[in-house]
Amino acid sequence: MSTLTFGRAINAGLRRAMDNDPKVILMGEDIGKLGGVFRITDGLQKDFGAHRVLDTPLAEAGIMGTAVGMAYRGYRPVVEIQFDGFIYPAFDQIVCQVAKIHYRTQGAVKMPITIRVPFGGGIGSPEHHSESPEAYFTHTSGLRVISPSNPQDAYTMIQQAISSDDPVLYFEPKRRYHVKGEVDEGSDPAASSMEKACVVTEGSDVTLVTYGPLVPTARDAAVAAGDDGVSVEVIDLRSLAPIDFETVEASVRKTGRLVITHEAAQSGGLGAEIAASITERCFYHLEHAPVRVTGFDIPYPYSKLEFHHLPDLDRILDGVDRVLGRPNSLSGLER
Amino acid sequence: MALKNIESVPGGPDGPPPGLIQLITADGIRVPDPAYDPLVADVDGAALQGLYEDMVVVRRIDAEATALQRQGELALWPPLLGQEAAQIGSGRALRRDDFVFSSYRENAVAYCRGVDLTDILRVWRGNASSGWDPYAINMATPQVIIGAQTLHATGYAMGILNDGDDAVAVTYFGDGATSQGDVNEAMVFAASFQAPVIFFCQNNHWAISEPVGLQAHVPIANRAPGFGIPSVRVDGNDVLACLAVTRQALARARSGGGPTFIEAVTYRMGPHTTADDPTRYRDANELEDWAAKDPLKRLEAHLDSRGLFDEAFTAAVKAKADAVAAELRAGCLDMPEPAPSDVFKHVYSTPNSWLDRQQDHYERYLSSFADSASSDGSS
Amino acid sequence: MAGVIKEFRLPDLGEGLTESEIVNWHVAVGDTVELNQIIADVETAKAVVELPSPYAGVIAELHEQPGTVVEVGAPLVSFEVAGPAGAPPTTGGAASAGDTGAPAKREPNLVGYGAAVEKGGRPERRARRFASQLLGGANPAGGSALPGLAGIPGSVPMIAAVPAVPARPAVEAAPVAPALESAGPRPAAPGLPTVSGERPRSTPPVRKLARDLGIRLEEVPGTGPGGLITRDDVLAASSAGAGGSIAPAPATSSPATSSPAGVQDTGRETRAPIKGMRKHTAAAMVASAFTAPHVTEFLTVDVTPTMELIGRVKESKAFAGVRITPLTIVAKALCIALRRNPTLNSRWDEAAGDIVQFNYVNLGIAAATPRGLLVPNIKDAQELSLMDLAGELTGLTERARAGKTGPADLSGGTISITNIGVFGIDAGTPILNPGEAAILAMGAVRRMPWEYEGQVALRSVMTLSLSFDHRLVDGEQGSRFLADIGAILADPGMVLAMV
Ligand SMILES: Cc1ncc(C[n+]2csc(CCOP(=O)(O)OP(=O)(O)O)c2C)c(N)n1
Ligand SMILES: [Mg+2]
């Protein structure tokens with residue numbers, strides 16, 4: 001066991017994957033000497049060489065398209081997108097190529113590409129540096145999408161992503177990069193699945209589903225709710241596509257109430273997918289319609305306003321009150 | 001597999017390579033150039049002093065903003081230290097009805113366009129999504145997505161062409177940006193339509209930690225002719241040369257000659273942004289070499305040699321820079337905080353039912369707190 | 001120098017950095033510094049940067065030694081800067097970001113930008129306006145202590161339209177109003193398919209029905225597919241548990257609200273053909289009286305406070321020109337009482353085999369008109385303020401008197417009031433407007449000797465007569481509804497405890 005920050009845990013996971021498989025190569029902007037703008041790849045170029053840690057020209061479509069070519073050639077590219085808002089030039093390559101080549105070639109060609117994306121807000125950055133684009137990718141068949149919420153998962157799941165024969169988007173909650181946690185560096189990534197959700201706080205009254213950056217917020221909310229006499233069960237999805245609905249379903253059958261929270265905008269988002277699927281699966285157990293506590297349907301706002309946009313403990317608990325029928329900010333509006 | 005990093009390309013530290021347009025050397029000596037001299041024949045001593053003052057002022061803006069960031073008053077700042085001549089020389093060549101599409105680093109160009117100083121800071125303080133009305137100064141607000149603005153400028157120029165106007169669109173971007181598909185597509189469009197657009201690339205040798213050699217194996221200006229666009233390499237630290245080549249490109253565009261590509265060879269003397277640490281990736285010697293070619297120092301030497309750099313002049317310039325810095329600081333600290341409901345503003349031009357509902361709910365939420373009367377809801 | 005102490009806290013020096021190490025100080029305590037003079041080098045995870053002084057002044061304190069790692073937002077340096085002459089040095093001041101406030105509370109421009117500073121300590125909720133309602137003693141259904149969630153949902157009557165939440169399976173909650181205390185626990189049905197630890201399976205409308213009827217789904221055997229609890233299961237459970245708990249006043253059927261209208265004939269008798277409005281009314285009354293088993297209950301109330309309220313309201317400027325009568329207040333009281341007793345606002349849909357519960361109130365007012373008895377209704381009366389309600393009532397009666405009541409006014413009623421008091425009558429057994437579950441007759445307001453504060457006093461007294469459809473409404477529900485209306489009229493302040 002060692003104590004690592006979230007960022008160092010990813011670094012350690014990358015290092016171990018590169019040690020274990022010479023076909024693993026890293027590609028991205030500023031990931032070499034600089035170690036990435038968040039230092040996630042710090043020291044890797046020095047230790048593995050510039051032929052395995054490639055500083056690429058400044059062109060995301062280029063990076064992604066050449067990663068496809070490398071994968072054709074038998075490599076397992078791990079691509080770093082510098083910030084969430086810069087993935088869009090690569091969108092065409094991801095959606096039309098990365099996601100579809102296995103299907104198109106009828107399974108003959110594998111695309112074991114891992115796409116690392118620092119995502120989410122809360123760091124006071126200018127435009128394009130705080131986005132939550134995960135739903136674009138969960139909506140794209142052929143991709144697997146995961147998001148760790150703590151250093152241990154960061155360490156294990158990056159290795160699981162790299163060893164997946166399918167393309168994986170690995171969303172890193174950048175505002176948690178500096179969070180420290182215990183990491184068992186000897187643990188075997190093959191012993192667990194990156195697609196299993198995790199009940200991080202047990203409870204009986206309300207199921208609170210989230211992932212990535214909001215997991216610590218949700219846990220705090222559960223503590224505060226407990227002090228108020230409400231027992232909240234917090235589920236960290238870990239995998240966003242596919243979602244481990246069995247775990248969520250088991251919880252909602254017990255609680256009858258579901259709150260989903262994410263930073264991404266509400267409409268057409270993952271919360272909608274979770275609400276619909278759980279309503280289908282648990283309709284007869286629901287005591288209240290599922291409630292979403294999410295970012296607004298706005299472009300990510302400038303930093304002085306971002307804490308209005310981002311769900312926090314109070315907003316989450318207001319949602320909890322709604323599913324419980326306790327007095328809440330919308331009391332009187334709901335019939 | 002070995003991708004070679006080409007650390008030195010033409011335009012490196014060892015003097016101007018052949019083909020680089022230069023009118024004032026690093027030592028401040030005016031070198032004649034039959035092709036370009038006529039373009040700056042009107043630039044007399046007073047005009048040169050004006051360009052010098054501009055460069056001092058924008059350097060001071062840069063320093064003050066950097067300090068404000070270190071003091072926690074700005075979220076981030078992208079310094080332009082070292083690139084003053086490229087931006088002032090080109091910016092001062094423009095006409096009011098020309099239109100600029102820049103990246104985030106062209107604060108000196110914005111200064112030339114007459115931007116209110118406080119407006120420059122709004123976006124970096126996080127108090128607004130942009131600082132100014134593009135139509136007020138005929139300059140789009142800074143573009144963060146690398147290279148995207150080059151297409152916008154090209155489209156704007158296509159509009160000018162359709163209108164039969166003689167204005168010009170000018171787009172600024174970096175050496176790193178030239179790798180992006182957008183920039184290359186912009187050149188295809190500009191050439192196809194012979195649009196009145198100037199591609200002004202500041203090759204400051206770095207894209208964050210990546211040297212220009214990673215983006216281009218030939219001088220960047222050499223690429224443009226492949227698209228059918230005439231190009232020129234200019235000493236980006238020579239304000240007079242930058243003025244001259246921009247005037248040439250403007251004249252071509254205004255007279256139906258289509259696009260021009262200008263590569264201004266310069267150097268980013270500071271960090272990429274205030275969040276960056278260049279010592280991790282670049283050699284201190286390189287900075288020293290470029291410090292010797294500092295755009296302000298050479299003009300200083302040149303003015304001095306002509307007796308145009310007396311104490312009265314320097315004192316006036318310093319007073320101006322001090323006043324601008326004080327104005328900038330005061331404007332920053334006095335900037336009003338946005339209201340919570342501003343978070344819903346300007347997403348659409350007409351009411352939107354989804355958002356109206358979310359705003360209504362959020363306002364109810366904010367007023368549900370015991371202290372909400374006195375609160376802005378930001379805790 | 002008499003000055004002000006300004007504190008400079010470590011800003012976030014890069015995107016989302018939470019701490020920095022002090023490499024070295026360029027200044028010492030007592031040094032005079034200029035604005036933007038470099039005072040320290042600090043190292044973040046991203047870079048070593050020089051910190052320029054945000055003030056011109058004298059260094060009063062350096063809070064940390066070189067080599068220490070400082071959290072973003074922690075105090076770094078205190079400056080003494082020139083202040084108002086003679087003013088003693090003070091800490092803080094709101095002039096500039098970066099100089100005031102407690103670090104625990106997030107102040108974006110205090111800590112610079114970046115990841116939120118972890119507050120530390122136990123996560124806490126920001127206080128809300130209605131929090132006291134959750135925790136205070138104003139909880140009518142239970143004690144003030146909250147055993148877990150029990151007693152919280154459903155027992156909070158303060159906020160309008162907060163749906164009551166069914167009692168939980170695990171913890172026995174204080175009874176959820178309107179509970180059937182008399183029903184007693186039902187035996188758990190054997191062989192329920194409910195998986196232990198899961199909630200009983202049902203559908204949202206049936207849950208709502210159960211909630212309204214005070215039925216615990218945990219105790220209802222489900223007969224639907226896979227043991228699903230159906231509407232019939234809940235209704236069966238309801239009638240099994242609730243019947244006969246109240247002996248209602250015998251129902252009689254004398255139409256008390258019709259006003260005579262007919263065609264003259266001559267002689268000792270007057271004969272008129274049964275037709276038109278009369279025929280219609282008769283058919284409706286017979287249909288109502290013989291399909292809906294009527295129960296009528298009476299309640300006599302000291303309405304002096306209501307009459308005083310009417311007096312005060314009439315005097316208030318806001319209500320100038322608005323006609324406020326006892327009917328206005330009764331109408332309002334009825335709407336409020338309905339929220340707590342929604343079964344009175346329902347309909348027996350024989351054809352569909354459904355009970356329709358209305359979540360809105362279209363309030364019928366029986367009116368004697370030139371055309372005969374009409375019961376035009378006020379749409380969505382539950383939404384209306386007292387003033388709006390008064391306006392609607394005036395308009396409605398004026399239209400009725402003028403014979404201008406339109407078809408829309410007449411259709412869609414959900415519950416009715418008949419004001420027999422205007423005829424000087426005290427009580428009666430009104431017949432339901434067909435399709436409705438209840439009708440309230442208000443009697444005349446009389447000055448009568450009445451018990452008041454332990455003595456006999458002359459008070460304003462009114463009798464209320466409520467008829468309801470016993471298929472839809474149990475004696476208990478009807479009684480509670482009538483009692484609620486009476487309570488409001490006897491003390492309008494009671495509204496506060498009901499909405
Ligand atoms: C599409 C996109 N990818 C990545 C980035 C992150 N980024 C910001 S600036 C920069 C380097 C830009 O270099 P260059 O074009 O040379 O301009 P300079 O910063 O030197 O002015 C990068 C990679 C971005 N803003 N947009
Ligand atoms: Mg550059």
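Colleague: What should I know before I start?

Modeller: The model is predicted: local features need pLDDT of at least 70, side-chain atom pairs count only at pLDDT 80 or more, and totals for chains, interfaces and linings use all residues. Residues are numbered from 1 along each chain as its sequence is written, chains are lettered from A and ligands numbered from 1 in the order written, and side-chain values use heavy atoms, with hydrogens and water left out.

Colleague: How many residues do chain B and chain A bring to their contact?

Modeller: Contact means heavy atoms within 4.5 Å. Chain B brings 50 residues and chain A brings 44 residues.

Colleague: What area do chain B and chain A bury between them?

Modeller: The size of an interface is often given as the accessible area lost when the parts come together. Buried area here is that loss, taken with a 1.4 Å probe and summed over both parts. For chain B and chain A the value is about 4000 Å², with 61% of it on carbon and sulfur atoms.

Colleague: How many polar contacts cross between chain B and chain A?

Modeller: A polar contact is a pair of N or O atoms within 3.5 Å; within protein, one must be able to donate a hydrogen and the other to accept it, and residues adjacent in sequence count only if both atoms are side-chain atoms. The rule finds 12 residue pairs across this interface, both residues at pLDDT 80 or more. On the side of chain B that touches chain A, helix 13 of chain B gives the largest share, eight residues. Helices are DSSP runs (H or I, at least four residues), strands likewise (E, at least two), numbered from the N terminus.

Colleague: Which side chains meet in a salt bridge between chain A and chain B?

Modeller: Side chains of opposite charge can pair when their charged atoms come close. The rule for a salt bridge asks for a side-chain nitrogen of Lys or Arg within 4 Å of a carboxyl oxygen of Asp or Glu. Two salt bridges are counted between chain B and chain A. One of the pairs that meet is A:Lys304 with B:Glu337, at 3.2 Å, N to O.

Colleague: Is A:Lys304 buried or exposed?

Modeller: Buried means under 20% relative accessible area, exposed over 50%, and partly exposed in between (1.4 Å probe, protein chains only). A:Lys304 is buried, at 9%. B:Glu337 is partly exposed, at 43%.

Colleague: Where do B:Asp119 and B:Arg122 lie?

Modeller: Both are in helix 4 of chain B, three residues apart, about one turn of the helix. B:Asp119 is buried at 16%, and B:Arg122 is partly exposed at 25%.

Colleague: What coordinates the magnesium ion (ligand 2)?

Modeller: Donors are N, O and S atoms within 2.8 Å of the metal (3.2 Å for Na, K and Ca); water is not among the atoms, so sites may look incomplete. B:Asp175 (OD), B:Asn204 (OD1) and B:Trp206 (O) coordinate this ion at 2.0 to 2.1 Å. B:Asp175 and B:Trp206 link distant parts of the chain, 31 residues apart. Both B:Asp175 and B:Trp206 are buried.

Colleague: What does C:Ile310 touch?

Modeller: Leaving out residues up to four places away in sequence, C:Ile310 touches C:Ile324, C:Thr325, C:Pro326 and C:Ile329. C:Ile310 sits in helix 5 (residues 304-315) of chain C. At 5% relative accessibility, C:Ile310 is buried.

Definitions and conventions: Buried area = accessible area lost by both parts, 1.4 Å probe.
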